[in-house]
Amino acid sequence: MKQITVTVNGQPHSAEVEPRLLLVHLIRENLNLTGTHIGCDTSSCGACTVLLDGKSVKSCTVLAVQANGKSVSTVEGLCAPGAALNPLQEGFKENHGLHCGFCTPGMMMRATELLEHNPDPTEDEIRWGISGNLCRCTGYNNIVKAILYAGAKMRGEEPASTEPQFV
Amino acid sequence: MTQVCKTSKAIGGMGHSMKRKEDGRFLQGKGNYVDDIKLDGMLYMDIVRSPYAYAKIKKIDSEAALKVPGVLAVITGRDLEQYNLHWMPTLMSDTQMVLPTDTVMYQAQEVAAIIATSRYAARDGREAVRVEYEVMKPVIDPFKALDPSAPVLRTDKPGKTDNHIWHWEVGDKARTEAVFASADVVVKEQMHIPRIHVASIETCGCVADYSKVNNHLTMYMTTQAPHAIRTVIALVAGHVGLTEEKVRVISPDIGGGFGGKVPVYPGYVIAIAASFLIGKPVKWIEDRSENLQADSFARDYHITAEMAGTKDGKILATRFKVLADHGYTDASANPSKFPTGMFSIATGSYDYGTTFMEADAIYTNKPPGGVAYRCSFRVTEAVHAIERMTDRYALEIGKDPAQLRFDNFIPKEAFPWHSPTGWIYDSGDYEAGLRKAMDAIDYEGLRKEQTEKRAKGELMGIGISTFTEVVGAGPSKDFDILGIKMFDSAEIRVHPTGKAIARFGTKSQGQGHETTYAQIIAEELGIPAENIQIEEGDTDTAPYGLGTYASRSTPTAGAAAAVAARKLRDKARKIAAYLLEVSEDDLEWEPGKFFVKGAPEKSKTIQELVFAAYTNHPQGMEAGFEATHYYDPPNLTFPSGAYICVVDIDKETGEIKVRRFVAIDDCGNIINPMIVQGQVHGGLTQGIAPAMYESLIYDDDGNILNGTLMDYLVPTAVESPNWETGHTITPSPHHPIGAKGVGESPTVGAPPAIANAIVDALSPYGITHLDIPITPFKVWKALKEKGAI
């Protein structure tokens with residue numbers, strides 16, 4: 001067992017963990033932050049994506065001990081409980097970028113880093129930028145729209161209409 | 001055409017693109033999925049699985065596993081046998097092992113279960129269990145399964161002498177043969193709709209919580225049909241005391257279902273048995289690999305498809321012969337009288353009088369399933385067959401496939417239309433849909449461009465699919481699951497202050513029921529949808545229903561919501577007449593209030609009327625304001641669609657790029673256009689997936705070759721095209737709000753549009769058919785074989 005301290009959404013947490021404990025299980029089981037999900041066993045789906053010292057990582061592929069002394073951001077930290085949704089959360093809601101909601105936390109954490117590095121991405125850059133995150137419900141169109149919306153909002157611009165467009 | 005809204009945006013009834021009520025919790029990580037559940041003393045279960053497709057179990061040695069710290073128990077088939085829980089019935093009246101006592105029948109089958117204090121300890125225990133097998137040669141190829149030399153797999157079934165499950169047929173064989181014998185044109189293709197997997201991002205799992213003190217089981221589980229599951233649990237385990245009133249199934253938030261969460265999997269039953277034996281809650285959450293390798297597959301139909309017609313393009317007859325690979329047991333989730341589901345819809349959107357269809361189902365050493373992945377009970381297979389053959393026929397006679405469809409569509413005046421296999425299509429305007437899709441994509445322009453490209457040797461293809469779906473099972477005279485008629489239900493209770501709670505017998509897995517059911521009630525009662533809380537999934541509180549699959553929620557429970565709300569409106573009218581001191585006949589309704597004809601200033605809002613139902617109701621009337629309805633649909637609904645796909649293919653590599661895809665759906669009246677569009681986007685991506693990427697592949701020994709997401713290719717945002725969607729509106733005449741189901745239409749309709757586009761691109765080289773998934777390698781190989789490269 002190893003003693004670790006991880007700062008999660010700004011709060012330091014200490015825990016005694018087995019070295020083999022995956023970060024995703026530390027987050028979900030020890031800290032009860034169950035927004036971060038598990039969708040596969042081969043690092044393919046990205047449902048467990050969190051930010052580790054600002055970088056998006058698949059937390060199923062990081063050991064909890066590797067996060068010792070580092071800072072983790074999860075979906076629960078995107079907005080304070082009861083506070084207004086942050087621009088990404090708002091973008092996902094306004095553009096219907098989620099159905100079952102299972103990929104959503106990982107998708108938004110990935111998009112958080114994407115927009116930090118590329119505040120005005122093209123649609124193609126967004127598609128490649130979230131290609132480590134699988135979604136089975138939405139067909140991705142509205143996720144792309146949601147991220148474009150959040151980008152515009154963060155840049156202080158008026159986002160495009162969120163009304164569904166039909167041919 | 002767009003939906004006309006009768007209600008204000010503030011009320012949010014039919015036709016409003018209302019934002020979802022579900023999103024708040026999901027966006028903040030506050031959904032409640034099964035693996036989020038933690039109970040005091042909860043134990044964890046892991047499962048030892050078979051490395052072989054077919055083998056005798058000689059010995060299971062649990063000794064080392066039981067020494068692993070944290071491991072409390074190892075459960076085997078022999079343990080369950082003592083309680084007669086080692087086998088369970090399937091939905092198709094076959095039998096399925098919970099845990100084997102003697103023989104394993106497919107790779108990854110459950111062999112033993114480990115119960116431990118943590119999931120890591122359970123996994124350690126799993127690795128420590130030693131199983132000795134005597135490996136046998138499996139039956140993998142369904143075409144060889146009936147060879148006299150093939151081993152008979154189901155030796156547990158008395159008198160079973162082969163691997164044949166059932167034979168099914170429909171249509172007029174003699175007449176069809178006569179038409180085929182005399183037809184000018186006959187086309188024939190052998191096609192395989194391969195085995196695929198839903199791969200919902202959340203896998204299956206449960207927490208079984210049996211209380212010895214109360215003799216009561218609470219079962220939290222990933223199920224699309226919680227009430228039916230409760231009944232099944234009682235049927236399987238009633239003899240050990242788990243009778244139906246002592247079982248509460250809770251289906252919490254589900255991370256996608258797509259049909260993969262309809263069946264009862266052994267893992268659920270073992271978890272119940274473990275909790276029952278140990279008296280503590282037991283959690284089981286499967287891995288992705290287990291999910292892909294052992295849970296219900298979809299499709300796996302081998303179809304010999306034939307179409308007969310005239311030289312100028314009039315379809316005269318079709319003939320379909322299916323070999324269905326069901327795995328080792330028939331556990332396909334069909335209505336009990338429909339072993340091939342709704343495959344008999346395969347005559348499609350076309351007006352011709354003659355067909356003959358037959359199917360044989362076969363046991364093989366593979367996991368069970370068949371009905372899943374937005375198939376609407378085998379409509380995916382049916383539509384693929386007819387839409388591929390329609391293009392095949394057009395190619396044969398050199399006719400434009402769009403024109404051929406116009407020449408054969410069931411005309412809109414002919415509805416309700418009686419199909420040669422017995423369906424009564426409720427309504428449709430197929431010509432309008434195809435016309436709209438062609439205009440949106442500039443079909444004529446594309447054909448010109450294609451001609452120019454062909455002259456230069458470039459590969460461009462245009463594919464059409466004009467499909468008819470059949471969803472909303474179903475009328476009680478024909479449709480049941482385990483004898484339970486396939487109705488569904490709604491229960492609406494309006495509180496004194498005019499806000500409501502409503503519960504349903506269906507179960508959303510992301511389709512937005514919490515939002516759209518509220519919109520139906522808002523439409524009928526004028527209570528703002530925001531003020532109507534929708535719940536599903538708890539069998540103690542929700543009315544009995546058959547669940548959500550096969551796009552049945554809107555046709556069944558959606559109808560029930562409207563009917564129950566109308567009962568309440570009738571009551572409101574009586575109260576309004578009493579309060580306004582007029583006759584009921586003198587009242588007119590507009591969403592949200594009754595007013596006196598000719599004196600609109602004399603009115604009562606629905607909120608005032610509901611308050612009166614608790615505070616000042618007429619003498620002799622029951623107090624309160626609630627209604628329930630169990631809706632037995634008079635027919636199914638028959639949504640349709642016209643899809644056009646354009647592909648560009650790299651001749652040297654076989655790489656296929658979907659340049660454009662236009663999808664025009666007609667699901668009748670639309671409850672929430674935003675949600676319908678979202679369903680269509682997702683369904684189209686689940687259409688491109690089997691068409692181009694996904695299939696479960698087995699080798700001759702029954703090893704699954706791509707049982708993880710490393711090589712089972714679920715499309716990412718990069719592979720998924722920018723879908724262009726639209727609709728026509730042809731309401732269902734028999735449905736209370738004119739709405740049809742739609743959730744599965746895109747997955748039913750898209751694969752043949754894509755396959756047709758690819759074959760169209762390759763047709764100059766004499767290629768007439770390719771089986772899905774059509775991969776770059778398959779295209780390259782076909783071109784190579786034809787000497788094109």
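**Notes on the predicted two-chain model**

1. Let's start in the middle. In this predicted model, the largest nonpolar core has 131 residues. Those with the most contacts inside it are Ile303(B), Phe320(B), Met342(B), Phe343(B), Trp423(B), Phe661(B) and Ile758(B). Helix H17 of chain B, residues 745-762, gives the largest share of this core, with nine residues. Apart from it there is another core, of 51 residues, and Leu51(A), Cys103(A), Phe297(B) and Leu696(B) are among its members. As background, nonpolar side chains tend to be buried together in soluble globular proteins.

2. What does Met342(B) touch, once neighbours within four places in sequence are left aside? The list is Ser376(B), Phe377(B), Arg378(B), Val379(B), Trp423(B), Val470(B), Ala473(B), Phe479(B) and Leu636(B).

3. Now zoom out to chain B as a whole. It holds 18 helices and 34 strands, and its C-alpha trace spans about 85 × 75 × 50 Å along the principal axes. How does its radius of gyration sit against that of a compact globule? A compact globule of 789 residues would come out near 28 Å, and chain B has 27 Å, so the two agree.

4. Staying with chain B, buried residues make up 67% of its 789 residues. Of its contacts with a separation of 6 or more, 79% link residues 24 or more positions apart. The accessible surface comes to about 25900 Å², and 51% of that belongs to carbon and sulfur atoms.

5. How confident is the predictor here? Chain B averages a pLDDT of 97, with 100% of the residues scoring at least 70. For the model, ipTM is 0.99 and pTM is 0.98.

6. An unreviewed UniProt entry carries the annotation "domain: Aldehyde oxidase/xanthine dehydrogenase a/b hammerhead" for residues 28-137 of chain B. In the model, the end C-alpha atoms of that span lie 51 Å apart, and the span is 18% helix and 37% strand.

7. Over in chain A, have a look at helix H1, residues 23-30. Seven of its eight residues are buried: Leu23(A), Val24(A), His25(A), Leu26(A), Ile27(A), Arg28(A) and Glu29(A).

8. Asn95(A) or Pro731(B): which is buried and which is partly exposed? Asn95(A) has a relative accessible area of 5%, under the 20% cut-off, so it counts as buried. Pro731(B) has 37%, which lies between the 20% and 50% cut-offs, so it is partly exposed.

9. Both of these sit in loops. Asn95(A) is in the loop between helix H2 (87-94) and helix H3 (104-117) of chain A. Beyond four places in sequence, Asn95(A) touches Asn142(A), Lys145(A), Ala146(A), Tyr149(A), Ser161(A) and Thr162(A). Pro731(B) is in the loop between strand E34 (724-727) and H17 of chain B. With neighbours within four places set aside, Pro731(B) is in contact with Ser427(B), Gly668(B), Asn669(B), Gly738(B) and Lys740(B). Its C-alpha atom is 23 Å from that of Asp439(B), which is 292 residues away along the chain.

Definitions and conventions
Residues numbered from 1 in each chain as written. Chains lettered and ligands numbered in written order. Predicted model: local features only at pLDDT ≥ 70, side-chain atom pairs only at ≥ 80, totals over all residues. Heavy atoms only, no water. UniProt positions renumbered as here; feature names shortened; annotations may be inferred. Helix = DSSP H or I, 4+ residues; strand = E, 2+ residues; numbered from the N terminus. Buried < 20%, exposed > 50% of the residue type's maximum accessible area, 1.4 Å probe, protein only. Core = buried A, V, L, I, M, F, W, Y, C linked by side-chain atoms within 4.5 Å. Contact = heavy atoms within 4.5 Å. Rg over C-alpha atoms; globule rule 2.2 N^0.38 Å. Areas by Shrake-Rupley, 256 points an atom, 1.4 Å probe, with all protein chains shown as cover. pLDDT = per-residue confidence, 0-100.
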